Amino acid sequence: MTCQSHAETKTSTSTTTGVFALLKAKPGVTRERIMAVMPAEIRATVQLYIDGKIREWYSREDGKGGVAFFS
């Protein structure tokens, strides 16, 4: 007689390897308001890149925002 084991419960786990983010200004926000915050945004983005939290980033071809790949 053989011993039957209990059925194993399989759990599904997923690993996030990266996040793709499209960044753009909300409708109605003027270019002047965007340019007022850009220096701080650029410094923060560079720091995240140095810290290894952003893998790559680009500006959009249409000039209306950015694209970032987070680790």
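Residues are numbered from 1 along each chain as its sequence is written, and side-chain values use heavy atoms, with hydrogens and water left out. Because the model is predicted, local features need pLDDT of at least 70 and side-chain atom pairs count only at pLDDT 80 or more, while totals for chains, interfaces and linings use all residues.

The protein has one helix and three strands; helices (H or I, at least four residues) and strands (E, at least two) are DSSP runs, numbered from the N terminus. Along the sequence these elements follow the pattern β-α-β-β. Of the 71 residues, 7% count as buried, where buried means under 20% relative accessible area, exposed over 50% and partly exposed in between (1.4 Å probe, protein chains only). Among contacts (heavy atoms within 4.5 Å) between residues at least 6 apart in sequence, 48% join residues at least 24 apart.

Turning to the sheet, the three strands form an open arrangement in the order β1-β3-β2, with antiparallel pairing. The edge strands are β1 (19–24) and β2 (54–59), each of which pairs on one side only. Strands count as paired if DSSP finds at least two bridges between them. In general, strands of a sheet pair through backbone hydrogen bonds, either parallel or antiparallel. Here, β1 and β3 (residues 65–70) are joined in the antiparallel sense over six bridges; among them, Val19 has Phe70 as its bridge partner, and Leu23 stands opposite Gly66. The antiparallel pairing of β2 with β3 runs over five bridges, including one that sets Trp57 opposite Ala68. The hairpin of β2 and β3 has five residues between the strands, and within this hairpin Gly63 takes a positive phi near 75°.

Ser59 lies in strand β2, and its bridge partner in β3 is Gly66. Gly66 also faces Leu23, and Ser59 and Leu23, although 36 residues apart in sequence, are 9.0 Å apart in space, C-alpha to C-alpha. Leaving aside residues up to four places away in sequence, Ser59 touches Gly65 and Gly66.

On the surface, Met35, Met38, Ile42, Val46, Tyr49, Ile50 and Trp57 form a nonpolar patch, with about 650 Å² of accessible area together. Patches are made of residues with over 30% relative accessible area and no salt bridge, like charges being joined within 9 Å and nonpolar side chains (Val, Leu, Ile, Met, Phe, Trp, Tyr) within 5 Å; a salt bridge is a side-chain nitrogen of Lys or Arg within 4 Å of a carboxyl oxygen of Asp or Glu. Helix α1 (residues 31–50) supplies the largest share of the patch, six residues. Val46 is found in this helix and is partly exposed, with a relative accessible area of 32%. Trp57, also in the patch, is the residue opposite Ala68 of β3.

Terms used:
Accessible areas come from the Shrake-Rupley method with a 1.4 Å probe; for residues, only the protein chains shown count as cover.
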